[in-house]
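Let's take a friendly walk through this chain, one region at a time. Keep the viewer open as you read, and turn the model whenever a new part comes up.

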Amino acid sequence: MNPGEKQIKNHSFTSKDYFCKKITLVNYLSVENISKSFGERTLFENISFGINKDQKIAFIAKNGSGKTCIMKIINGEDEPDSGQVVLRKEIKMAFLSQDHNLQDELTIEESIFASDNETLKVIEQYEKALEHPEDEEAYQKAFDKMDQLNAWDFETQYKQILFKLKLEDFKLKVKNLSGGQKKRLSLAIILINRPDLLILDEPTNHLDLEMIEWLESYFAKENITLFMVTHDRFFLERVCNEIIELDNGKLFQYKGNYSYYLEKKEERIASENASVDKAQNLFVKELEWMRRQPKARTTKSKSRQDDFYVIKEKAQNRRRENKVELEINMERMGSKIIELHKISKKFKDHVILDNFSFDFQRGERIGIIGKNGTGKSTFLNLLTGTLPLDSGKVIKGDTIKIGYYTQSGINPKPGQKVIDIIKEYGEYIPLAKGKIISAGQLLERFLFDRKKQHDYVEKLSGGELKRLYLCTVLIQNPNFLILDEPTNDLDIVTLNVLESFLLDYPGCLLVVSHDRYFMDKIVDHLFVFRGDGEIEDFPGNYSDFRAYEDSADVAQKEENKAEKKDWKQNNPTGNLSFNEQKEYQKIEKEIKDLESQKVAIEQLFSDGKVADEDIEQKAKELEAIIQKIETKEERWFELSAKIE
């Protein structure tokens, strides 16, 4: 084993597991020897691990290996066949699953207040008292209770969370929300209630890039213990400080972020393979001894015989790395690809495109980013003719064959098996260089073994369904590939292989994705959907764009500060309550103080006066100050909006 990585044994963690550091660990939850099978299929067997206070753990495993099942067992939604989960007394745990548990008839605000939180109930009473100002006694009682629990800041914080997750219409009913909005509301409720232990199943699904980056920052500054499954490797890198991997039925723990995990896993696999090679050499030697030894067994020879079978098992335990081999026979591409001539589209007053023109070139690799609702998926549907244009033209070259991977996925017929889906394209599939492959062999390349191929499609996990759908798109040999959120529900192993394929893909590529790691690897430039029909062609990948935006934000904030100062001098605070007036004045002073602290630290860095050992700490201080400034400025604007 490498330092910082160990295979997890069948017991809950103790302080010894943390390299005998002289610290007191508070165990929140222990998973003890749990197993789960469905019929003849064993998902996992006798696995154990623990979650301690302040850990931020990512759980990594291939699709179909039981990640979501383990999450549900931890949350009590499912029972293991054997073993148990032990939660520390008085620990408040929350679980964000892929399925929401909301009441359709409640509004967004009512859903927030329906949670079991005393402070929220006090805020609700205060909100009702504000609606009936004539009842002075009820108002005063509610006001005093708010003061008693210091609920004023809490109200501001929970509303900021709702605004950040684009849930501004508090009166909107759950039944009228989209699937993504319901997922975000479930996340908001959990964050507002501030559990001690938070279990997250793909928390970044249905969040746009702005929301994901806000959530990263939130988890970085909040003292929440996390255990999550996520395919978002940027999120994993920036949020998690430990990784647990379920690999070939065994658990391994890595005390570091995603980069550390990749490095140490590679070392572990190399060590395992070296050990197997050594065992194979010894096996050949012992096999020869077994064949020539006499029938009579001495005690010594019997012992050696027993050892032989142990060596044999180890020698045959070479790691089988399943790889998705995506070898396709891409159609020849002519000189004309796809031309967009002044295309426009709007839904009522919502403008998606406004006279947009673009001429795709050979080998074009474009990523599409933007907030939810700005029209990214609509643009793809217009390009492929799935939706009609309001005006303009889409001209497609004669040799262009589009492969379109949509978010809707596969719609199998009742009782249809995995193999049946592929056989709809033929018993044999053409590959590159004149080769052909059977439907079954193709599925094996997509990690569906012979047994899995005869499973009913409805039994597949979400990630397996996505992988099967990807297979059906690619076997049609497109030379213009359009991918709408291809990374959702795919495991990290499959993502890495998909990225390798796309890097070598010679055709045109157009992809919508919130996976920043994925976008950085495969695209050359971006269409940035700003909203209201504005589309910017940015020359670079996502990290380039983020660096550009951050530098522009600094200049914009300085300009905003000057505008706020002028505005303040010409506006009274008469529409604010007494408490809000005090808060308004206090925030202005706090922002000024924080700005001074920020400038002082930046000057230290600029002058090179920060010692090497203090750089990390000073950087964290600066990041925390910037976050506080942004939070207080948002509240300043909220109060300012009430002033006439």
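This is a predicted model: local features need pLDDT of at least 70, side-chain atom pairs count only at pLDDT 80 or more; totals for chains, interfaces and linings use all residues.

## Starting at R194

To find R194, look in the loop between α6 and β7, the strand of residues 197-201. Its backbone is worth a glance too: phi of R194 is near 50°, a positive value in a residue other than glycine.

## The chain as a whole

The secondary structure comes to 19 helices and 21 strands. The chain has 644 residues, and 47% of them count as buried.

How much of the contact in the chain, at a separation of 6 or more, comes from residues 24 or more positions apart? Such pairs account for 68% of those contacts. F49 is found in strand β3, which covers residues 41-52. With a relative accessibility of 0%, F49 counts as buried, because that value is under 20%.

## Two helix pairs

Two packed helices are described by the angle between their axes and the distance between the axes. Take α6 (residues 179-193) and α7 (residues 209-221): they pack at an angle of about 15°, and their axes are 14 Å apart. An angle under 35 degrees counts as roughly parallel, so α6 and α7 belong in that class. Their crossing is left-handed. On the α6 side the contact is made by R184, L187 and L191, while α7 brings M211, W214, L215, Y218 and F219. By type, the residues of this contact divide into 7 nonpolar, no polar and 1 charged.

Now turn to α4 (residues 136-148) and α5 (residues 151-164). Are these two helices roughly parallel or roughly perpendicular to each other? They pack at an angle of about 85°, with their axes 6 Å apart. Angles of 65 to 115 degrees count as roughly perpendicular, and α4 and α5 are therefore described that way. Here F143, M146 and D147 in α4 meet A151, W152 and E155 in α5. The residues of this contact divide into 4 nonpolar, no polar and 2 charged.

## Strand β11 and its partners

Strand β11 spans residues 338-347, and it pairs with β14 (residues 391-396) in the antiparallel sense over 5 bridges. If you want a landmark for that pairing, I338 stands opposite K396 in β14.

β11 also pairs with β12 (residues 350-359), again in the antiparallel sense, over 6 bridges. Which residue in β12 is the bridge partner of L340? That partner is F358. β11 and β12 form a hairpin with 2 residues between them, and in the turn K348 has a positive phi of about 55°.

## The six-stranded sheet

Further along, 6 strands form an open sheet with mixed pairing, in the order β15-β18-β19-β13-β20-β21. β15 (402-405) and β21 (534-538) stand at the edges; each has a single partner strand, so one side of each is left without a neighbour in the sheet. From one strand to the next, the twist averages 15°.

At one end of that order, β20 (residues 525-531) and β21 run antiparallel and are joined by 5 bridges. Within this pairing, F529 stands opposite I535 in β21. Helix α14 (residues 462-474) packs on the sheet, where it touches β15 and β18 (480-484). The direction of α14 makes about 170° with that of β15.

## Ending at N477

To finish, follow the chain into the loop between α14 and β18, where N477 lies. Phi of N477 is near 55°, a positive value in a residue other than glycine. Is N477 buried or exposed? Its relative accessibility is 6%, which is under 20%, so N477 counts as buried.

Notes. Residues are numbered from 1 along each chain as its sequence is written. Side-chain values use heavy atoms; hydrogens and water are left out. Axes are lines fitted to C-alpha atoms, for helices over the stretch in contact, and angles run from 0 to 180 degrees between N-to-C directions. Helices (H or I, at least four residues) and strands (E, at least two) are DSSP runs, numbered from the N terminus. Angles under 35 degrees count as roughly parallel, over 145 as roughly antiparallel, 65 to 115 as roughly perpendicular and the rest as oblique. A crossing is left-handed if the near helix is turned anticlockwise from the far one by less than a right angle, and right-handed if clockwise. Contact means heavy atoms within 4.5 Å. Ala, Val, Leu, Ile, Met, Phe, Trp, Tyr, Cys and Pro count as nonpolar, Asp, Glu, Lys and Arg as charged, and the others, Gly among them, as polar. Two strands pair if DSSP finds at least two bridges between them. Buried means under 20% relative accessible area, exposed over 50%, partly exposed in between (1.4 Å probe, protein chains only).
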